[in-house]
Amino acid sequence: MRLHRNLVFATVDALLEIFNEGQYADKVIEKTLKRDKRWGARDRSFIAETTYDIVRWKRLYAEIAEVKEPFSRENAFRLFAVWATLRGITLPDWKQIEDTPTRRIKGRFDALSKIRKFRESVPDWLDELGVAELGEETWEKEIGALNKQAPVIIRANRLKTDVSSLKQKLADEGFETINLKDYPDALQLVERANIFKTQSFQNGLFEVQDASSQLVANFLGVQPGDRVVDTCAGAGGKSLHLAALMENKGQVIALDIYANKLKELKRRAKRAGAHNIETRAIDNNKVIKKLYGKADKVLIDAPCSGLGVLSRNPDAKWKLEPEFLDRIRKTQQEIIRQYSKIVKKGGKMVYATCSVLPSENQMQVKDFLASEEGKSFTLIEDRKILSSETGYDGFYMASLEKAE
């Protein structure tokens, strides 16, 4: 591989924004890719994947390069040189990366790879937490799986197509996909590509949604005609799936504290042809109280640490702090207790997170069932999805039923 100066410099600029300014990697990369209209698909892919790679392995590479945060521009070039050396890429004789000790880099990599916190590039506290909650063996496998690049999975929109028709349409547009056993609406791209430019996407035939995430709406067991409340809808990936499973019959009320996310959901719903979704921003408690005892089904896709989706958000490792986890667990318990009141007698609720930590999952359900609000509920089943077992995001979902 021949390195191009403008692409490497763009990558270094992106890294400094992510590491030193605390910007979100996906937003920085999106902005960086707009810098030069002449960049082709391969150029853009190099910037995005290299940036994500160095973000993912920040601790390991910084240790090898012997640099500390905040990184100077020179430091960022050293991180890049480590990345390139470990991939067997011949370094050009640019002054920014001259005198790179390639043999020493490989030696330090071999030595540090024997220590998990460096090998898997995680903060000490997170490594300790993973072991405490999941056990040594499971955490070892799980963090290894979460450090792999996530595949691109799409969900066929049943309101407009089916999986086999979509597969054919995408093939006609030059995108090869494979079916996924046990995921009825899912297709996986054989090669990573920008599928948002396809006619199929513009026409609302699919959404990009991880395979594990696609299980959540199915877990709720919705029927056409149900009144369903998606309490933490965000930009609405699961609301759209619920609308499709309900064949546009009945009502999906999508709630969120962020009105701008619901605006995005409206746009997506229009494209998907989902007419039974109503958005309501939670700007005061009345919005929730008005719904008490009114819903057949309630989905609580709770805010969480996001540990199950590290493969697609590697910068979350560096943004997470123990204090945030303590706060989010408290929030989760408040949310489940309050939103459970929306379920009518005989109704059903699903509590879900994209975390693999029992303290955010099984323990939260146990605490809820022991609370005043949880007394009328029974746990029907729960499901723990580990990335190391499926190759997809880590997730948790619990199905609870309210007594008649």
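Student: Let's start with a single pair. Which residue forms a salt bridge with R119, and how far apart are the closest N and O atoms?

Tutor: Keep in mind that this is a predicted model. To read a salt bridge, look for a side-chain nitrogen of Lys or Arg within 4 Å of a carboxyl oxygen of Asp or Glu. Here the partner of R119 is E120, with the closest N and O atoms 3.6 Å apart.

Student: Are those two buried or exposed?

Tutor: Buried means under 20% relative accessible area, and exposed means over 50%. E120 has 10%, so it is buried. R119, at 23%, falls in between and is partly exposed.

Student: Which parts of the chain does the D53 and R87 pair link?

Tutor: Check the contact, then see where each partner sits. The side chains of D53 and R87 meet in a salt bridge, 3.0 Å from N to O. D53 is in helix 3 while R87 is in the loop between helix 5 and helix 6, so the pair links distant parts of the chain, 34 residues apart. D53 is buried, with 17% relative accessibility, and R87 is partly exposed at 37%.

Student: What about D26: what does it pair with?

Tutor: D26 forms a salt bridge with K27, and the closest N and O atoms are 4.0 Å apart. K27 is exposed, with a relative accessible area of 53%, whereas D26 counts as partly exposed at 35%.

Student: Now the nonpolar side. How many residues does the largest nonpolar core have?

Tutor: Think of a core as buried nonpolar residues joined through side-chain atoms. The largest one has 42 residues, and those with the most contacts inside it include F19, F46, Y61 and W83. Helices 1 to 6 each supply at least two of its residues, with helix 1 giving the most, nine.

Student: Which residues does F19 touch?

Tutor: Leave out residues up to four places away in sequence, and F19 touches I54, V55, K58, E69, F71 and L79. Apart from this core lies another, of 36 residues, among them V222, L242, L265 and Y392.

Key:
Residues numbered from 1 in each chain as written. Predicted model: local features only at pLDDT ≥ 70, side-chain atom pairs only at ≥ 80, totals over all residues. Heavy atoms only, no water. Core = buried A, V, L, I, M, F, W, Y, C linked by side-chain atoms within 4.5 Å. Buried < 20%, exposed > 50% of the residue type's maximum accessible area, 1.4 Å probe, protein only. Helix = DSSP H or I, 4+ residues; strand = E, 2+ residues; numbered from the N terminus. Contact = heavy atoms within 4.5 Å.
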